[in-house]
Amino acid sequence: MHMTYWFGIDLGSFLFSGYDVTTVWGLLATCLGLAAFAVLYEAMKISQFYLQQFNIKSVPRMISSSSESSSLLSKVTSRTFRISSHTRCGICFKWILQVLHWSLHTTFAYILMMAVMTYNVYVTVALVIGGSLGYWLFSPTLIQLKMQQFHRKQAIIECDKNCEAVSENQERRPSTVSIVAEQLVTEINIEIHTPGDVNST
């Protein structure tokens, strides 16, 4: 096993037992395959990002509010249990899919690492070219997706701040229910005390 970079055609058993590289054409085919493997590795970063966003969107957002309308709308029914169980199954399936994708992506990374550890110059050059080509093809898309995600998060944060300000203003104002209740109590008190006052006079 070579511990320094070397030029050579005879790789012997390359990565897998029975896959022997001893000719120029065998080395060329191996280098092309590894380059394509490196391009695929970069492309899988985009699919992993899509899977993550798909899983994030499928998780229901928990809204904590102490307003009267939210307490009325938070009643639990059998229908909500059915929907939530269905949602949990969907989230579990999407999570398993993401884990499998991550496992495959990590396996590709280890295979590429083991190929580099052969210290063959031709193999290393092929992997560098394939990785650079994959980065050139897919990196702009990945950067654009991450920027879109950043802008969405920023918009959500700004929306949350605005919603908090609105809710604080609403809490400072007396609610219409309490105002109507106070008016009814006042009217009842007036109706009760008026006859007594008239009789006493």
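**Aromatic pairs and the rest of the chain**

Reply: There are four aromatic pairs in the structure. Keep in mind that this is a predicted model.

Me: Take Phe 7 and Tyr 122. How far apart are they, centre to centre, and what angle lies between the planes?

Reply: Phe 7 and Tyr 122 are 5.7 Å apart centre to centre, with 75° between the planes, and the pair is edge-to-face.

Me: Why does that pair tie together parts that are apart in sequence?

Reply: Phe 7 sits in the segment before β1 (12-13), while Tyr 122 belongs to helix α4 (residues 121-172), so the pair links parts that are 115 residues apart in sequence.

Me: Is Phe 7 buried or exposed?

Reply: Phe 7 is exposed, because its relative accessible area of 61% is over the 50% cut-off.

Me: OK, another pair. How are Phe 14 and Tyr 19 arranged?

Reply: Phe 14 and Tyr 19 form a tilted aromatic pair, with 6.4 Å from centre to centre and 55° between the planes.

Me: And Phe 14, buried or exposed?

Reply: Phe 14 counts as buried, with 4% relative accessibility. Tyr 19 counts as partly exposed, at 37%.

Me: Which residues form the nonpolar patch on the surface?

Reply: Tyr 19 is one of them; the others are Leu 15, Phe 16, Tyr 110, Met 113, Met 114 and Met 117. Together they have about 690 Å² of accessible area.

Me: Where does Met 114 lie?

Reply: Met 114 lies in helix α3, which covers residues 78-116. Met 114 is partly exposed, because its relative accessible area of 42% falls between the 20% and 50% cut-offs.

Me: Changing topic. How many helices and strands does the protein chain have?

Reply: The protein chain has five helices and two strands. Along the sequence the pattern is β-β-α-α-α-α-α.

Me: What share of the residues counts as buried?

Reply: The protein chain has 201 residues, and 21% of them count as buried.

Me: What about the accessible surface of the chain?

Reply: The accessible surface comes to about 15300 Å², and 68% of that belongs to carbon and sulfur atoms.

Me: Last one. Of the contacts between residues at least 6 apart in sequence, what share joins residues at least 24 apart?

Reply: In the protein chain, 78% of those contacts join residues at least 24 apart. The Phe 7 and Tyr 122 pair ties together parts 115 residues apart.

Methods: Residues are numbered from 1 along each chain as its sequence is written. This is a predicted model: local features need pLDDT of at least 70, side-chain atom pairs count only at pLDDT 80 or more; totals for chains, interfaces and linings use all residues. Side-chain values use heavy atoms; hydrogens and water are left out. Rings of Phe, Tyr and Trp (its six-membered ring) pair if their centres lie within 6.5 Å; planes under 30 degrees apart count as stacked, over 60 as edge-to-face and the rest as tilted. Helices (H or I, at least four residues) and strands (E, at least two) are DSSP runs, numbered from the N terminus. Buried means under 20% relative accessible area, exposed over 50%, partly exposed in between (1.4 Å probe, protein chains only). Patches are made of residues with over 30% relative accessible area and no salt bridge: like charges are joined within 9 Å, nonpolar side chains (Val, Leu, Ile, Met, Phe, Trp, Tyr) within 5 Å. Accessible areas come from the Shrake-Rupley method with a 1.4 Å probe; for residues, only the protein chains shown count as cover. A salt bridge is a side-chain nitrogen of Lys or Arg within 4 Å of a carboxyl oxygen of Asp or Glu. Contact means heavy atoms within 4.5 Å.
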